[in-house]
Amino acid sequence: MPFKHKNTRRIEGLDSNVWVEFTKVAADPSIVNLGQGLPDISPPSYVKEELAKAAAADRLNQYTRGFGHPLLVKALSQVYERVCGRKIDPLTDILVTVGGYGSLFSTVQALIEEGDEVLIIEPFFDCYEPMVKMAGAKPVFIPLRNKNDGNSASSADWVLDPTELANKFNSKTKAIILNTPHNPIGKVFTREELQMIADLCIKHDTLCISDEVYEWLVYKGNKHIKIATLPGMWERTITIGSAGKTYSVTGWKLGWSIGPQHLIKHLQVVQQNTLYTCPTPLQEALAQAFWIDYKRMDDPDCYFYSLSRELEGKRDRMAQLLREVGLKPVIPDGGYFMIVDKLSAIPLSAFCGPETKVQFEKYIRFCFIKVNLCPRKNQKIEINECKNLQ
Amino acid sequence: MAFGPVRFSPPECCSSAPTFPQPPRLLPGSQRSGRSLSDAQGWRHVCQGTGAGLLQPKADRPRWVSVPVGVSSRSRGMLRRAGPSLRHVLLERANSAGHSLRFSKAKMSRPVQARRLEGVDKNIWVEFVKLATTHATVNLGQGFPDFPPPDFLREAFVRAVSGENHMLHQYTRAFGHPPLVKILAQFFGKLLGQELDPLTNVMVTVGAYQALFCCFQALVDEGDEVIIIEPFFDCYEPMVKMAGGTPMFIPLRPKAPKAGQLMSSADWQLDPAELASKFSKRTKAVVLNSPNNPLGKVFSRGELELIADLCVKHDALCISDEVYEWLVYDGKEHVRIASLPGMWDRTVSIGSAGKTFSATGWKVGWTVGPTRLLQHLRTVHQNSVYHCATAAQEAVAQGFQRELERLGQADSYFAHLARELQGKRDRLVQSLDAAGMKPIVPEGTYFLVADISAFASDVPNTTGSDEPYDSRFAKWMVKNKGLAAIPLSAFYSGPHKNDYSRFIRFCFAKEDATLKAANDILQKWKREKAGP
């Protein structure tokens with residue numbers, strides 16, 4: 001059949017996707033799925049209850065406000081005003097999207113175009129590259145490098161080289177995509193590291209797309225810092241969050257972009273031309289859950305803090321299991337992934353651009369937000385996995 | 001004079017409290033909020049002390065100057081066309097909605113937002129939804145039911161979210177939850193007379209709206225022409241434009257109804273010769289919406305064959321928006337264009353749980369078509385939203401299972417909904433007719449368009465306004481009568497907005513009490529016009 005049935009230029013070469021391949025393999029029940037990042041722990045009961053309540057309410061089954069359900073954007077503005085220490089207008093500074101993924105897409109479509117360059121720190125959550133390409137722009141990669149030269153015990157060992165980073169910025173650099181806490185390494189960027197990035201953004205008048213979906217998952221001794229709160233950065237940063245990661249409900253697919261009105265308004269234009277609005281009952285339930293936790297943000301039982309305490313135990317457990325089978329885990333300071341220095345699970349080269357694949361080939365990523373990590377069962381299965389995937 | 005990059009930071013050091021100053025108000029003229037970053041002339045000021053937001057002359061850097069906060073779209077075009085040497089002297093007062101410029105040497109002329117957003121920023125719903133929220137006592141404007149989805153569907157949702165399987169709160173298959181794509185393949189396979197593979201011939205989307213977006217992004221390239229039939233659901237035009245395509249409009253033209261009868265949506269028809277003339281070698285696709293929003297027209301088999309023949313002849317695709325497929329009245333048949341000869345291979349059919357099950361807030365839609373088209377929709381989907389929410393898909397799957405068992409029977413929800421809505425249609429038609437507005441009786445959907453010429457004296461024509469008459473009328477009506485409806489011009493392209501400007505669209509998917517209240521407003525209005 002003639003050319004008319006071909007794909008458009010914007011999606012040329014973007015059809016393959018690592019997750020489609022891996023979720024097929026992981027569907028095999030003999031394999032313990034520590035690959036894709038989704039919890040198999042239950043979300044907190046009040047979160048599920050709020051959703052059941054919302055569905056039962058008549059008026060909550062029809063369209064709500066396109067840029068975000070009023071109750072939800074109000075709740076988000078309250079939570080983040082507290083976190084950021086600045087006023088956030090719920091109607092103009094926030095957009096509710098279909099997951100953190102949807103926020104990334106809306107941001108890139110709104111602000112990135114042909115002729116732009118976008119800096120991506122490797123390893124990166126795989127969608128950044130195709131999204132930048134779909135917008136017609138050029139991804140420019142900069143790797144995190146192991147400062148301990150092959151021996152890496154912690155995610156903090158992975159750092160950017162300041163000179164290398166500075167050299168990647170030029171007059172075409174429209175934005176840098178930052179992901180902290182970082183998937184897959186689990187690095188939590190320090191204030192100094194963020195300041196270095198911020199200085200370059202300001203110097204080159206570059207935007208910052210800050211993917212902070214794992215913002216609450218930081219472990220003892222670490223603090224999540226929002227780059228948007230650094231001087232000169234609010235005006236040029238879109239900060240992305242996710243209900244899926246905050247409340248262990250990845251299947252709700254709700255996320256948000258927060259930033260200055262003069263940037264958010266363009267994301268809102270994308271929204272009104274792509275999906276118009278996000279589901280109502282989910283947004284209502286999320287709003288209610290946020291109010292519950294907002295009221296106890298001074299209380300250690302607040303889910304924002306209790307989840308990370310729970311995960312820290314699982315992190316340490318998984319690290320122990322991996323060491324017992326002779327693998328070398330890189331202990332993450334945040335997130336719910338851990339990389340190890342050997343084969344199995346998601347190969348780290350999936351998170352890299354072509355030039356850096358070699359550097360990361362010997363690492364693989366595990367997800368530890370799982371119910372039980374039974375040592376004996378895992379030991380056997382891991383060996384099987386290595387055989388299958390080799 | 002050359003520039004270096006400019007800092008945009010608010011001068012926090014200069015204010016006593018660490019609160020963020022409000023950005024400039026988006027008002028015409030040069031009004032500013034009290035604590036704006038910019039002065040009365042729209043210049044952004046910076047702190048001389050700490051250097052925050054500072055334009056600082058440095059030895060190794062060219063001198064910097066105060067720069068404008070924003071620029072009107074007219075000036076933006078001017079800046080874009082100006083050469084580098086001229087750009088720095090183009091200093092404009094900030095008076096537009098948030099077009100922030102960045103001022104480094106190379107970026108001076110470019111707005112921050114991507115070019116693909118040009119011309120797609122206006123949206124009628126933002127304005128009219130706000131008006132309805134503020135003024136309406138009876139809202140027959142935006143298209144959604146004011147009654148809930150059926151109990152069996154809500155129960156299915158509650159079961160999904162509270163049940164033992166808490167994995168329904170986690171990601172499901174990206175291209176559609178397996179139970180849902182399976183039942184959709186079964187259901188639509190039957191209706192289309194095709195063997196459908198749930199994994200390759202069906203894709204679930206965030207409402208039919210996102211399905212449309214995937215179609216245009218996947219299949220429409222710069223330079224492609226896309227035929228759109230007017231009046232049209234308003235998002236088609238900006239979506240085609242955002243994909244770099246050129247919309248080619250063709251109107252449905254009203255024929256006079258038979259003597260003594262009310263006009264029907266069937267009386268609005270395409271001119272075959274005119275339609276044929278719109279096709280060219282650049283025509284990538286036709287967008288078909290049947291049953292049609294806003295008119296309620298249900299395209300007949302003959303009309304669809306006309307369109308199909310042209311698609312086949314010109315090797316064009318068909319994007320078939322069939323969200324109202326179950327809302328068809330008077331025993332009329334909804335014919336699926338994908339089932340016509342030569343059409344399966346070139347058609348993407350779009351459906352919506354929101355319209356099918358009266359649950360617009362669930363945002364579950366789907367596309368059905370050949371894999372060689374759907375594969376490209378999958379690529380767009382996996383690079384934009386990737387997954388759709390799980391629980392609602394599970395519930396919709398159960399809803400369809402129930403309906404499959406009852407298909408064609410009297411107790412099917414689809415049959416029940418169509419009967420209910422036909423009754424409501426007839427009620428509203430009667431109210432409007434009695435009041436003096438002239439309704440066009442819709443063959444389908446839950447919309448009805450009426451001619452408001454008899455009420456035009458209440459809203460006189462004003463010269464010097466390029467707002468279409470029906471838009472001014474609808475705004476006046478909601479503010480003065482509390483009755484919300486949408487002007488028909490909202491569903492026409494720019495140059496054609498005044499072609500049919502004496503019509504407004506009502507949504508009748510409302511409780512009987514709401515329709516009664518609308519009737520009361522209309523009758524009172526009629527009495528007032530008749531005088532004491």
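I will start with conventions, then take chain A, then chain B.

This is a predicted model, in which local features need pLDDT of at least 70 and side-chain atom pairs count only at pLDDT 80 or more, while totals for chains, interfaces and linings use all residues. Residues are numbered from 1 along each chain as its sequence is written, chains are lettered from A and ligands numbered from 1 in the order in which they are written, and side-chain values use heavy atoms, with hydrogens and water left out.

Chain A, then. Seven of its strands make an open sheet, in the order β1-β9-β8-β7-β6-β2-β3, with mixed pairing. On terms: helices (H or I, at least four residues) and strands (E, at least two) are DSSP runs numbered from the N terminus, and two strands pair if DSSP finds at least two bridges between them. At the edges are β1 (94–97) and β3 (138–143) of chain A, each of which pairs on one side only. Neighbouring strands here are turned by 20° against each other on average, direction ignored. Helix α9 (residues 261–272) of chain A packs on this sheet and touches β1, β7, β8 (237–242) and β9 (255–258) of chain A, its direction making about 30° with that of β1(A). Contact means heavy atoms within 4.5 Å. Axes are lines fitted to C-alpha atoms, for helices over the stretch in contact, and angles run from 0 to 180 degrees between N-to-C directions.

Now strand β6 of chain A, residues 173–179. How many of its residues are buried? Seven of the seven, so β6(A) is largely enclosed by the rest of the structure. Buried means under 20% relative accessible area, exposed over 50%, and partly exposed in between, with a 1.4 Å probe and protein chains only. Strand β2 (residues 117–122) of chain A is joined to β6(A) by four bridges, and the two run parallel. In that pairing, A:L119 has A:I176 as its bridge partner. Five bridges join β6(A) to β7 (residues 207–211) of chain A, again parallel. Across that pair, A:I177 stands opposite A:I209, and A:N179 stands opposite A:D211. From β6(A) the chain crosses through helix α7 (residues 191–203) of chain A to β7(A), a right-handed β-α-β crossover. Right-handed here means that, with the strands pointing away from the viewer, the path from the first strand over the helix to the second runs clockwise.

The loop between β6 and α7 of chain A holds A:P184. The peptide bond from A:N183 to A:P184 is cis, with omega near 15°. Further along, A:Y276 sits in the loop between α9 and α10 (280–295) of chain A. Its phi is near 75°, a positive value in a residue other than glycine, and A:Y276 is buried at a relative accessible area of 12%. For context, most residues other than glycine have a negative phi, and most peptide bonds are trans.

On to chain B, which has 15 helices and 15 strands. Of its 532 residues, 61% are buried.

Chain B also has an open, mixed sheet of seven strands, ordered β2-β10-β9-β8-β7-β3-β4. β2 (202–205) and β4 (246–251) of chain B are the edges, each with a single partner strand, so one side of each is left without a neighbour in the sheet. The twist averages 20° from one strand to the next. Within this sheet, β9 (residues 347–352) and β10 (residues 365–368) of chain B run antiparallel, joined by four bridges, and B:S352 stands opposite B:G365. Helix α5 (residues 178–192) of chain B lies across β2 and β10 of chain B, at about 120° to β2(B).

Which peptide bond in chain B is cis, with omega about -10°? The one joining B:S290 and B:P291. B:P291 lies in the loop between β7 (283–289) and α9 (301–314) of chain B. There is a positive phi as well, near 70°, at B:Y386. That residue is in the loop between α11 (371–382) and α12 (390–405) of chain B, and B:Y386 is buried, with a relative accessible area of 7%.

That is where I will stop.
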